[in-house]
Amino acid sequence: MPSSTGPSQRQLRVGEQVRHALSEVLQRGEVNDPQLASAVISVTEVRMSTDLKVATAYVSPLGAGDKDEVVTALNRNARFIRGKVTPSLRQMKYMPELRFRIDTSFENFEKIDRLLKSPEVSRDLEEGDDNGE
């Protein structure tokens with residue numbers, strides 16, 4: 001049997017359930033923390049550990065001054081948030097420990113997009129077209 005390097009179907013399914021539950025809790029504004037009051041927080045992805053006991057949530061705080069402060073506030077309130085998502089995840093044997101991280105994928109996409117639109121890359125692409133590629 002070939003070994004898989006990516007997450008299992010179960011990890012993906014549970015991660016999506018946790019993402020949905022977290023999004024609902026954060027959207028309702030149930031966490032009383034001044035750092036979180038002014039921010040709209042988008043939960044872009046949740047990655048589950050192989051034993052499903054740790055959920056790492058990647059978030060994009062919108063409208064927040066310092067994104068790191070928002071993530072610090074989320075991690076500070078992780079146990080409270082865990083208690084709030086528990087009713088939505090009753091089917092799970094263990095409630096996962098929540099960890100929050102900044103989602104940098106959008107920034108990476110923008111960086112790649114800027115690079116692709118740079119004059120140097122455009123010039124190289126045009127030269128490739130001229131050579132019949």
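1. Which side chains are joined by a polar contact of 2.9 Å? They are those of Asp33 and Arg76, where a polar contact is a pair of N or O atoms within 3.5 Å and, within protein, one atom must be able to donate a hydrogen and the other to accept it, residues adjacent in sequence counting only if both atoms are side-chain atoms.

2. On the basis of these values, this is a predicted model in which local features need pLDDT of at least 70 and side-chain atom pairs count only at pLDDT 80 or more, while totals for chains, interfaces and linings use all residues. Residues are numbered from 1 along each chain as its sequence is written, and side-chain values use heavy atoms, with hydrogens and water left out.

3. The mean pLDDT (the predictor's confidence in each residue, from 0 to 100) of the protein chain is 84, with 88% of its residues reaching 70 or more. Confidence is highest in strand 3, at 95, and lowest in helix 6 (residues 119–130), at a mean of 70.

4. The protein chain has 6 helices and 3 strands, taken as DSSP runs numbered from the N terminus (helices H or I, at least four residues; strands E, at least two), and their order along the sequence is α-α-β-β-α-α-β-α-α. Of the contacts with a separation of 6 or more, 66% are between residues 24 or more positions apart, contact meaning heavy atoms within 4.5 Å.

5. In helix 4, Ala78, Ile81 and Val85 are buried, that is, under 20% relative accessible area with a 1.4 Å probe, protein chains only, as against exposed at over 50% and partly exposed in between. These three lie on the same side of helix 4 because they cover an arc of only 60° around the axis, the arc being that of the directions from the helix axis to the C-beta atoms. The buried residues of helix 4 pack against helix 1, helix 3 and strand 3; leaving aside neighbours within four places in sequence, Ile81 is in contact with Leu22, Val25, Val31, Leu74, Leu98 and Phe100.

6. To return to Asp33, this residue lies in the loop between helix 1 and helix 2 (34–37) and is buried, with a relative accessible area of 9%. Not counting residues up to four places away in sequence, Asp33 touches Ala73, Arg76 and Asn77.
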